[in-house]
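Thanks, everyone. I'll keep this brief. Have a look at the model first, then we'll go through the fold and its cores.

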Amino acid sequence: MSRKSRALPPSPFRRFNSSPEVIRLVVMMYVRFPLSLRNVEDLLFERGIDVCHETVRMWWNRFGPMFAGDIRRQRGSAMRGYRQWRWHLDEMYVKLNGEMVYLWRAVDHEGEILESYITRTRDKDAALNFMKKALKRHGSPAAITTDGLRSYGAAMKVLGNAGKQEVGRWANDRVENSHLSFRRRERAMLRFRRMKTLQKFASVHANVHNHFNLEGHLIDRQTYKERRSAALAEWQVLAS
């Protein structure tokens, strides 16, 4: 007696008139590049694609987390066999309706953004929640580089990682430089208005940045072109 084949899950694009290729292009343009909603609308119109800027907003909200999740799962399985021997942790301020909140980020030794976490404070409890989340998802590194914020040391004592912490002048430039792409994107969006939206966009932006971060300054032009083509090809089949 033959087993019944499992039914394939329905396509997430099935209720949309636009093709999956257009939706992926719109999400990539808005999340990856420092463009406003209306900038994306105008650039698409030049390509003969008539999409309202509110549609751009709706598509990145709906499909951005889905694409980011696919990227995270694929990269996680590919990196499972590699030991992440050093993490870099840092926090940056972000204005939310005139109020200062903090975006905590964990970056590995190759510049891969591992985790993004939003809090209203940067005390011990905030650092502890951030580190628990990062350690649960990505495992424990051999060393953790931070700046001089005492919240990190207090949180690491609770977690038993105090011996792994390293603090030094210019030692944390890896994560400091990773903030730049988000800063450029933040200015184009004219700030954020809700914590939930900021958390969602920071997570989606981090995964898209990882996917297209080809480190072109470290490789020759031919290798860069091959990696860029591979990254685009992988993007075009997300959620398919």
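Of the contacts between residues at least 6 apart in sequence, what percentage joins residues at least 24 apart? It's 60%. Bear in mind that this is a predicted model.

Now the fold. We have 8 helices and 5 strands. Along the sequence, the order is α-α-α-β-β-β-α-β-α-β-α-α-α. The radius of gyration is 20 Å, close to the 18 Å from the globule rule for 240 residues, so the protein is as compact as a globular protein of that length. The C-alpha trace spans about 60 × 55 × 40 Å along the principal axes.

Next, the surface. Of the 240 residues, 43% count as buried. On charge, there are 44 positive and 25 negative side chains. The centres of those two sets sit 6 Å apart.

The largest nonpolar core has 44 residues. Which of its members touch the most others? Tyr30, Trp59, Phe182 and Trp235. Elements giving two or more residues to this core include helix 3 (53–78), strand 1 (86–96) and helix 8 (221–235). Helix 1 supplies the largest share, 9 residues.

Take Trp235. Beyond its neighbours within four places in sequence, Trp235 contacts Arg24, Leu25, Val27 and Met28, then Phe67 and Ile71, and also Val208, His211 and Phe212.

There is another core, apart from the largest one. That core has 19 residues, including Tyr102, Trp104, Met131 and Leu135.

That's my tour. Over to you.

Note on methods. Residues are numbered from 1 along each chain as its sequence is written. This is a predicted model: local features need pLDDT of at least 70, side-chain atom pairs count only at pLDDT 80 or more; totals for chains, interfaces and linings use all residues. Side-chain values use heavy atoms; hydrogens and water are left out. Helices (H or I, at least four residues) and strands (E, at least two) are DSSP runs, numbered from the N terminus. The radius of gyration is taken over C-alpha atoms; the globule rule is 2.2 Å times the number of residues to the power 0.38. Buried means under 20% relative accessible area, exposed over 50%, partly exposed in between (1.4 Å probe, protein chains only). Contact means heavy atoms within 4.5 Å. Lys and Arg count as positive and Asp and Glu as negative; His and the chain ends are not counted. The place of a charge is taken as NZ of Lys, CZ of Arg, CG of Asp or CD of Glu. A nonpolar core is a set of buried Ala, Val, Leu, Ile, Met, Phe, Trp, Tyr and Cys residues joined through side-chain atoms within 4.5 Å.
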